[in-house]
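Work through the exercises below with the sequence and the structure side by side. Each task is followed by its solution.

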Amino acid sequence: MTTWDMKIENGTIVTDTEQYKANIYIREGKISAVTHEQLTGDSLETIDATGHYVFPGFIDTHIHSRDPGPTYKEDFIHSTRAAAAGGITTVFEMPNTSPPVNHAENFDRQVENLSKKAFVDFALWGICVGDLNNQHLPSLQQKGVIGFKFFWGYAVHAKTYQLMYNYKPGMEDVIPPFQDGDVYTMMQEVQKTGEVFAVHAENNDLIQTLTEKVEARGGKSYEDLIATRPALAEVLTVKTGIELARETGVRFHVLHISSGDALDLIRDAQAEGLPITVETCPHYLFLSNEDFARVGPHMKVYPPVKYKSDQERIWQGITDGTISHVCSDHAPHTEEEKNGGLWSIPAGMCGVETLVPLMLQGVTEGKLSLQDVARLLSVTPAKLFGVHPQKGCLTPGSDADITIVDMNKERTIDREQLHSKSKVTAYHGKKIKGWPVQTIVRGQMVMNDGKLFGKPGQGKLITKKRKQSLPFN
Ligand code: DOR
Ligand code: ZN
């Protein structure tokens, strides 16, 4: 008789299209059966999910663990423990580490480094730095990067490749922001690999001009910060990106959209049939300039959180399907770094642990359905980046990655309880109804009722097995 490694009984399965009561049987890290029936055979572990929702494990496609590099801010042990605590079973690690993931050798080193630390499964982004690594893109693709990231509008440090958050022309030891011609070439090169070309979208030229103007008039408020990086900065880059993508045929993805105007351009491009996708993050859905008085500089991110009207239009993009998925842009900095002046501090805050609770709060508030959550945090990320049906799927043969959710659980987000090294969050004190209560990675319980299990190294690298598919067709 079969012995199951785990069974999950009496829960309600949630996918992007339906929800239904069923039991899940797991063996050797894979889903064996999803059925209304009780199958015979003992189980080593049984979870009673009565009254709870059982989702395909949630994926955070956008985290910065700073590892290797400025690991005093965060490292992969902390970020993936935070992920497990927050109901995430797979993370995609961004390539702006030091050294960055810019060629095959550094990819291998990074896999070795992170494999020892991972609490949940992970994939790696490759970086695009123009002429400095165009020739390495094919070998990175062969290694299995999930896609290529380009920090459009950023200068990076020439030695460490770290982002210059408050760059000014004339600074030494920097690679200045790339020109449109360089981007055109990058897109051509990425197109040849067939991978996604994902961009941070802010126009640095405009940012420089506006920053000078705002500084000249002594602007210091949060609205002044937005004035240096307004919707127009995102619009210019997205517009150029769409045109270059049309010309080169690259699979173009816009990261962390922050403005209604830029989102409208992407919606129109999609309507034309161009293969262009866009993601957003909880901070653009749950925060606006109005929150600065309460939260303060900890909420400084790039692109900056904008106005209430942008927030509303981004929710609209979620509802109408323009936005493919939601991810955290987990970008920790230390408390000290974030406590300087609004203009000099780095951009970014913790997010991987609060992504799922915030989206569940969206369900509680009636803005999303449970199916939407399965679509935005699991099914679409897996399809978009070519790891479906291994991930993002609860059918026999898929990895047994499962997040179980209690929609009645109420708890307040407490910065001191976050598992990241940094406790910088904009959500301290926010009441949430709807929490992940169990996180299961390939059949192994990694979080149960807030307690973490297992050890560093239990998370495994996943690489792209096949071409990504567009969820829109
Ligand atoms: O706020 C941000 N922080 N935006 C980015 O684009 C990068 C990130 C980081 O790595 O700190
Ligand atoms: Zn990011």
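**Exercise 1.** Find which residues are closest to ligand 1, and sort the shell by class.

Solution. Step 1: ligand 1 is surrounded by 14 residues, a residue being counted if one of its heavy atoms lies within 4 Å. The closest are Arg66, Tyr165, His200, Tyr302 and Ala347. Step 2: the shell holds seven nonpolar, five polar and two charged residues. Here Ala, Val, Leu, Ile, Met, Phe, Trp, Tyr, Cys and Pro are nonpolar, Asp, Glu, Lys and Arg are charged, and the others, Gly among them, are polar.

This is a predicted model, in which local features need pLDDT of at least 70 and side-chain atom pairs pLDDT 80 or more, while totals for chains, interfaces and linings use all residues. Residues are numbered from 1 along each chain, chains are lettered from A and ligands numbered from 1 in the order written, and side-chain values use heavy atoms, without hydrogens and water.

**Exercise 2.** Which atoms coordinate the zinc ion (ligand 2), and what spacing do the donors follow?

Solution. Step 1: the donors (N, O and S atoms within 2.8 Å of the metal, or 3.2 Å for Na, K and Ca; water is not among the atoms, so sites may look incomplete) belong to His62 (NE2), His64 (NE2) and Asp329 (OD), at 2.1 to 2.2 Å. Step 2: along the chain their spacing is H-x1-H-x264-D.
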